Amino acid sequence: MNSRKMLAAVLMVAPLLAQEAVKRPKVLGVAHMAVFVKDLDKARRFYENFLGFGEPFTLPNQTAPGVRIALVKVNDRQYIEIFNEAGRGEGQLNHISFYTDDAGRMYAYLKSKGVTVMSDQGSVNKGQTGNKNFNIQDPDGHIVEMVEYQPDSWTAREAGKFVPPTRISEHIMHVGVLVGDLDRSLKFYGEILGFREFWRGGRSPSELNWVNMRVPDGEDYLEFMLYSQLPPPDGRGSANHASLTIADADRTLAELKRRAAKTGYGREIAIQTGVNRKRQINLYDPDGTRIELMEANTVDGKPAPGSTAAPPHPGKND
């Protein structure tokens, strides 16, 4: 082959190779939600004594004695991370996290789409738990961690452990975050990360409040919590939430009421039926973060009708 033909072949193949290099890897599900707490002991009583989860490990402070992060285990791939430190002045949410099958490829893919990686070191490293991870920010400034579980990590070594029968749930169905500009979030989570919208709902026919986006390669989802006016930081814990699957709301309610007296949980515990026609129980940790316990199916097995209302348009100062 002469040099001209070789050059032509290279020019034809190069775009295909470049396209393959930036192909999006899988996004498999919700890994965790991380929240700030003011009192670690009170938070542990809620998540471990009241909700019945185990705590497989903690991460220490780097500059002072004590626990910086306590990891509460829902199942082998899903956690609630409790940050025992002052928040950033934006409410109780620290970050949300999704797990992928290839963090390195996800890093390259997102960079190719112009997404900024926070504290970018030029590659993906292992975090303190031994899993590969890196952080990005969504259009509303929420930190989104992408994690790839490693076979030699702490989470792998604790597989099958710290999953007591007291767990009120065995699965995080979704996480919800406040969203101000629906179009920008649809582009970020939908067009770039591949999430698929499957339902949107509102409190009234004229108001759109929620948009549900399923991960592209699993069943977990992200819930956009739309607003017309951004709540103050201390009021965002109800919107920025985690939703855990329960099989039977009646049995769960009875068990929670039994535990409440022993653990000091003093807020109302009641079953509600949401606009999505699923029964749920809303609980709040000591710092106001909502933990939603929800049945997987609608009350009659039929899908809830979706909303066709327009999204709210927050003011420029929100």
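Predicted model: local features only at pLDDT ≥ 70, side-chain atom pairs only at ≥ 80, totals over all residues.
**The whole chain**

- The protein chain's secondary structure comes to 6 helices and 16 strands; helices (H or I, at least four residues) and strands (E, at least two) are DSSP runs, numbered from the N terminus.
- For 318 residues, a compact globule would have a radius of gyration near 20 Å, and the protein chain agrees with that at 21 Å. The radius of gyration is taken over C-alpha atoms, and the globule rule is 2.2 Å times the number of residues to the power 0.38.
- Taken along the principal axes, the box filled by the C-alpha atoms of the protein chain is roughly 85 × 50 × 40 Å.
- Among the 318 residues of the protein chain, 48% count as buried. Buried means under 20% relative accessible area, exposed over 50%, and partly exposed in between (1.4 Å probe, protein chains only).
- In the protein chain, 65% of the contacts with a separation of 6 or more are between residues 24 or more positions apart. Contact here means heavy atoms within 4.5 Å.
- About 15700 Å² of the protein chain is accessible surface, and 50% of this belongs to carbon and sulfur atoms. These areas come from the Shrake-Rupley method with a 1.4 Å probe; for residues, only the protein chains shown count as cover.
- There are 40 positive and 39 negative side chains in the protein chain, and the centres of the two sets lie 3 Å apart. Lys and Arg count as positive and Asp and Glu as negative, while His and the chain ends are not counted. Each charge is placed at NZ of Lys, CZ of Arg, CG of Asp or CD of Glu.

**Helix α5 from start to end**

- At the start of α5, a side-chain oxygen of D181 comes to within 3.2 Å of the backbone nitrogen of D183.
- Helix α5 covers residues 182-192, and its buried residues are L182, S185, F188, Y189 and I192.
- An α-helix has 3.6 residues a turn, so residues three or four places apart point the same way.
- I192 is in helix α5 and counts as buried because its relative accessibility is 13%.
- Beyond residues up to four places away in sequence, I192 touches R24, Y109, L110, K113, V115 and K187.
- From K187 to P139 the C-alpha distance is 9.4 Å, and the two are 48 residues apart in sequence.
- Just after α5, G194 has a positive phi of about 85 degrees.

**Buried residues elsewhere**

- N212 belongs to strand β11 (residues 210-214) and is buried, with 4% relative accessibility. Apart from neighbours within four places in sequence, N212 contacts R196, E197, F198, W199, Y221, L222 and E223.
- D287 sits in the loop between β15 (279-284) and β16 (290-295), and at 12% relative accessibility D287 is buried. Its contacts, leaving aside neighbours within four places in sequence, are F36, V37, K38 and Q92.
- A309 is in the segment after β16 and is buried at 9% relative accessibility. With neighbours within four places in sequence set aside, A309 contacts P205, S206, E207 and L208. The C-alpha atoms of A309 and G202 are separated by 7.7 Å, although these residues are 107 apart along the chain.

**Backbone angles to look at**

- Most residues other than glycine have a negative phi.
- F162 is not a glycine, yet has a positive phi of about 55 degrees. At 36% relative accessibility, F162 counts as partly exposed.
- R277, in the loop between β14 (271-273) and β15, has a positive phi near 65 degrees and is also a residue other than glycine. Its relative accessibility of 27% makes R277 partly exposed.

Technical notes. Residues numbered from 1 in each chain as written. Heavy atoms only, no water. Polar contact = N/O pair within 3.5 Å; in protein donor to acceptor, adjacent residues only side chain to side chain.
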